[in-house]
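Trainee: Please pick one part of this model and take me through it closely, residue by residue where that helps.

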Amino acid sequence: MKILVINGPNLNMLGIRNPKVYGNGTYAELVGFIEEKAAGLGLRVKVFQSNSESEIVTEIQNAYGIFDGIVLNAAAYTHTSVAILDALEAVSIPTVEVHLSDIAKREDFRHHSFVSMYAFKTIKGLGFEGYARALEALVDYSAADSE
Ligand code: DQA
């Protein structure tokens with residue numbers, strides 16, 4: 001199974017950015033955590049980060065026919081991007097939405113997620129562990145699908 005993990009804007013600043021909300025772990029540590037978890041589950045994984053909405057849309061489009069699942073933390077674009085929602089619907093790849101923080105307990109503008117309108121599951125508030133749970137959810141989803 002091939003999984004694409006996409007991280008949106010400012011997630012490359014982990015470790016520096018607002019540690020009370022996002023923790024002390026760096027972006028490089030997050031990538032290492034995801035790669036280790038994926039290897040443990042027997043998954044092939046690509047981890048992609050961009051600060052650009054258009055690059056994220058293009059990455060989702062390019063996943064068509066290549067990846068079996070997407071883990072998406074669209075960061076701030078979660079709350080604004082119809083283009084990312086449309087790209088997910090276009091490629092129709094099973095997707096789990098992840099947020100390091102619990103967006104439901106933060107400012108009102110973070111409560112709405114366009115990504116949630118497509119993702120079959122949303123995991124929030126678990127820090128790095130949320131990505132591990134998302135990979136597991138994609139494995140379970142694929143197993144249920146092939147029953
Ligand atoms: C985030 C939550 C978003 O509201 C925020 O804009 C981010 C990160 C999270 O992982 O908790 O950049 O997606």
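Mentor: Let's take β3: Gly69, Val71 and Asn73 point one way from this strand, Ile70 and Leu72 point the other way, and all are buried. Before we go on, this is a predicted model, where local features need pLDDT of at least 70 and side-chain atom pairs count only at pLDDT 80 or more, while totals for chains, interfaces and linings use all residues. Residues are numbered from 1 along each chain as its sequence is written, and side-chain values use heavy atoms, with hydrogens and water left out.

Two terms have already come up. "Buried" is under 20% relative accessible area, "exposed" is over 50%, and "partly exposed" is in between, with a 1.4 Å probe and protein chains only. Strands (E, at least two residues) and helices (H or I, at least four) are DSSP runs, numbered from the N terminus. As for the two directions, side chains in a regular strand alternate between the two faces of the sheet. With 5 of its 5 residues buried, β3 is largely enclosed by the rest of the structure.

Now the sheet around it. This is an open sheet of 5 strands in the order β2-β1-β3-β4-β5, with parallel pairing. The edges are β2 (44-49) and β5, each of which pairs on one side only. On average, neighbouring strands here are turned by 20° against each other, direction ignored; axes are lines fitted to C-alpha atoms (for helices, over the stretch in contact), and angles run from 0 to 180 degrees between N-to-C directions. To count as paired, two strands need at least two bridges found by DSSP. In general, strands of a sheet pair through backbone hydrogen bonds, either parallel or antiparallel.

On one side, β3 runs parallel to β1, joined by 5 bridges. On the other, β3 and β4 pair in the parallel sense over 3 bridges. You can follow individual residues across. Ile70 stands opposite Leu4, and in β4 its bridge partner is Thr95. Leu4 also stands opposite Lys46 in β2.

With 5 of its 6 residues buried, β1 is largely enclosed by the rest of the structure, and 6 bridges join it, running parallel, to β2. Take Ile3, which lies in β1 and counts as buried because its relative accessibility is 0%. Leaving out residues up to four places away in sequence, Ile3 touches Leu43, Arg44, Val45, Lys46, Phe67, Gly69, Val71, Leu135 and Leu138, where contact means heavy atoms within 4.5 Å. Gly69 and Val71 in that list belong to our strand, among the residues that point one way from β3. Ile3 and Val47 are 44 residues apart in sequence but 8.6 Å apart in space, C-alpha to C-alpha.

Leu135 and Leu138 take us to α5, as both are among the buried residues of that helix, along with Gly130, Tyr131, Ala132, Ala134 and Ala137. What covers them includes β3 (69-73), together with β1 (2-7), α2 (27-40), β4 (95-99) and β5 (121-124). Helix α5 (residues 129-145) has 17 residues and reaches 24 Å from first C-alpha to last, close to the expected 24 Å; that expectation is 1.5 Å times one less than the number of residues.

A polar side-chain atom of His79 is 2.7 Å from a ligand oxygen, and side-chain N or O atoms of Arg17 and Arg110 each sit 2.9 Å from one. Arg110, in the loop between β4 and β5, counts as buried because its relative accessibility is 16%. Its side chain also makes a polar contact of 2.7 Å with that of Glu107. Such a contact is a pair of N or O atoms within 3.5 Å; within protein, one must be able to donate a hydrogen and the other to accept it, and residues adjacent in sequence count only if both atoms are side-chain atoms.
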